[in-house]
Amino acid sequence: MRGLNTPPHAMFSYFSPEDRLSAAHPLRAMKASADAALAEVSGTFEAMYGRLGRPSIPPKRLLKVQS
């Protein structure tokens with residue numbers, strides 16, 4: 001069973017990461033590109049996971065932490 005990608009909104013801070021970066025920061029463009037590329041392969045990931053069992057760590061999250 002494929003897990004959901006639900007990021008923690010406030011682990012130890014009162015500000016989200018979105019609030020910390022300016023609108024023109026280069027990381028915002030990089031995140032948008034990564035999200036678009038991962039959205040294209042989402043269907044492939046979905047087909048690889050079964051419907052039964054415990055939810056896994058979402059593939060999107062696993063790929064993002066490697067970079």
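Guide: Axes are lines fitted to C-alpha atoms, for helices over the stretch in contact, and angles run from 0 to 180 degrees between N-to-C directions. Helices (H or I, at least four residues) and strands (E, at least two) are DSSP runs, numbered from the N terminus. The model is predicted: local features need pLDDT of at least 70, side-chain atom pairs count only at pLDDT 80 or more, and totals for chains, interfaces and linings use all residues. Residues are numbered from 1 along each chain as its sequence is written, and side-chain values use heavy atoms, with hydrogens and water left out.

Visitor: What angle do H2 and H4 make, and how far apart are their axes?
Guide: Helix H2 (residues 26–40) packs against helix H4 (residues 59–66) at about 140°, and the axes lie 11 Å apart.

Visitor: Why is H2 called oblique to H4?
Guide: Angles under 35 degrees count as roughly parallel, over 145 as roughly antiparallel, 65 to 115 as roughly perpendicular and the rest as oblique. The angle of about 140° therefore makes H2 oblique to H4.

Visitor: Which residues of H2 and H4 meet?
Guide: With contact meaning heavy atoms within 4.5 Å, Lys31, Asp35 and Leu38 of H2 meet Lys60, Leu63 and Lys64 of H4.

Visitor: How many helices and strands does the protein have?
Guide: There are four helices and zero strands, in the order α-α-α-α from the N terminus.
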